[in-house]
Amino acid sequence: VLAAGFAGLIVGAGIYAESLLRGQVTGEFDAASLIKARSLVALTEQEGGQIEIDWEPGDLPEYDRPDRPEYFQIWLDDGTSLLRSSRLDRDLPRAPGLSLDAAISDVRLPDGRLGRALQLAYVPRGPGEDDEDDGALDPATLDPDTDMRALVLVVARDRERLDLLLARMRLTFFGVGAAAMLLAAALVWRALVSGFRPIEAIASQVGRLDAENLDARIELPRTPRELAPVVQQLNALLDRLEGSFERERRFTGNVAHELRTPIAELRSLSEVGERWPGDTETVTGFFEDVQGIAGRMERLVVDLLLLARCQAGVETAECRPTNLRKVVESTWSRSTARASDESPRIRLEMRDDLVVESDPDKLGIILTNLFDNAVSHSPPGSEIRCAASTDGGATFLLNITNPSEPLSREDLANLSEPFWRKDAARSSGDHAGLGLSLVSALAGLLGLDVDFAQEPDGTFGARLAGRVARSAGRAEPE
């Protein structure tokens, strides 16, 4: 396409230049014919109705030569032929009318050659007159009451040399244009090959990538400015893929770890129960332990399925006006059903009539996990604060804060990663590390903004922001 475009530009420029030069060369040819015509006009005089032409054969050799002669012919204004050049044996073509302006046209000369004729009309000057226009007067100014006569002069020359010059000029333009087009095509091809070489290098490096070497990055010795954003985005994509695959590996390992422990416990209980089947009290205790272990495994599987549905975009939500305080109170009561005297206490700071737009069931799951997290990481006997407010418009803000052990910025960034725990040894089996992952996934499903932060004094806070119900009508009972 580029080569064709350059070829079009070259052809267009060549046609335009050839047209200008052809007009200039032809104009110079016609100017020479006009000079010859003016010379013949200057040789003509009239007096008393008599025309005198001061010309004899041999004075102008171009009209007398036997080889490729030029021609001229003079007529009176009534069409009577007055004079011909010596080599002219028939009338030259003549246009009707009298005009001092030269009329130029292509003609066929008497000997068959192609020629170019110039015709003009004039009134010969009288004896002793001095006229700026070589003695010629305009026939339009001729007084009919006088005996002055107008003449018509036609000068004809062959145009073979003109045509030869024009042909050579066209051939030159054609040759130069063809060479320029070939050179342009070669330069375009070389430029494209050189320009696409970095793309080939990128394609080659991308082709060598797989799941085993996602730590590799696209590197070019000299990255062209146009390709720098592509390389940056490819490397950013590889960063994200590497992180995703790493999280996937950790997820697989964590799932295996979370399931291996309860399975090992079940196996141990079954082996012990098999050895002492007659100890009814011990076997009954074993079954209670089995029930607890099965409950933990069931919660793990249920949470994993819910998280997978949210991440796959197949989980649905039925948002409706919901009384936020009622959901918070019922969720807290379920979370502290087995609380002891040393369990953290909650302090609610929210209006009784605050109605939000949400799915009460899924909002309850979010609050359950936030409360469980707060209870698990708060010192015994501490206070958990749950405050809700509105901005006076269509947005509410819910903050759940509790004292906690220090967390780094990296820890805060990993809170919503499945199975992540600050305790890398995973010594506690009470939690699998899916709570805050579910909070983030369900918050996205409900259109809530969730954020985790820690104040300098060690207070950990989970913030939820969402929509207030448009109508403060009857809220869905909880």
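This is a predicted model: local features need pLDDT of at least 70, side-chain atom pairs count only at pLDDT 80 or more; totals for chains, interfaces and linings use all residues.
Buried here means under 20% relative accessible area, exposed means over 50%, and partly exposed is anything in between (1.4 Å probe, protein chains only).

Residues are numbered from 1 along each chain as its sequence is written, and side-chain values use heavy atoms, with hydrogens and water left out.

**Salt bridges**

The structure holds 29 salt bridges, each being a side-chain nitrogen of Lys or Arg within 4 Å of a carboxyl oxygen of Asp or Glu. Here are some of the pairs:

| Pair | N to O distance |
|---|---|
| Arg 65 and Glu 70 | 3.8 Å |
| Glu 160 and Arg 68 | 1.8 Å |
| Asp 352 and Arg 325 | 3.0 Å |

Take Glu 160 and Arg 68, bridged at 1.8 Å. Glu 160 lies in helix 2 (residues 160–207) and Arg 68 in the loop between strand 2 (50–53) and strand 3 (71–76), so the pair ties together parts 92 residues apart in sequence. Helices (H or I, at least four residues) and strands (E, at least two) are DSSP runs, numbered from the N terminus. Both partners are partly exposed, Glu 160 at 44% and Arg 68 at 28%.

Next, Asp 352 pairs with Arg 325. Asp 352 sits in the loop between strand 9 (345–349) and strand 10 (355–358), while Arg 325 belongs to helix 5, 27 residues apart.

Elsewhere, salt bridges link Asp 30, Asp 106, Arg 116, Arg 159 and Asp 163 into a network.

**The core**

A nonpolar core is a set of buried Ala, Val, Leu, Ile, Met, Phe, Trp, Tyr and Cys residues joined through side-chain atoms within 4.5 Å. The largest one has 42 residues, and the members touching the most others are Leu 324, Ile 366, Leu 367, Leu 370, Leu 398, Leu 448 and Phe 452. Among the elements giving two or more residues to this core are helix 4 (280–312), helix 6 (360–377) and strand 12 (395–403). Helix 8 gives the most, with seven residues.
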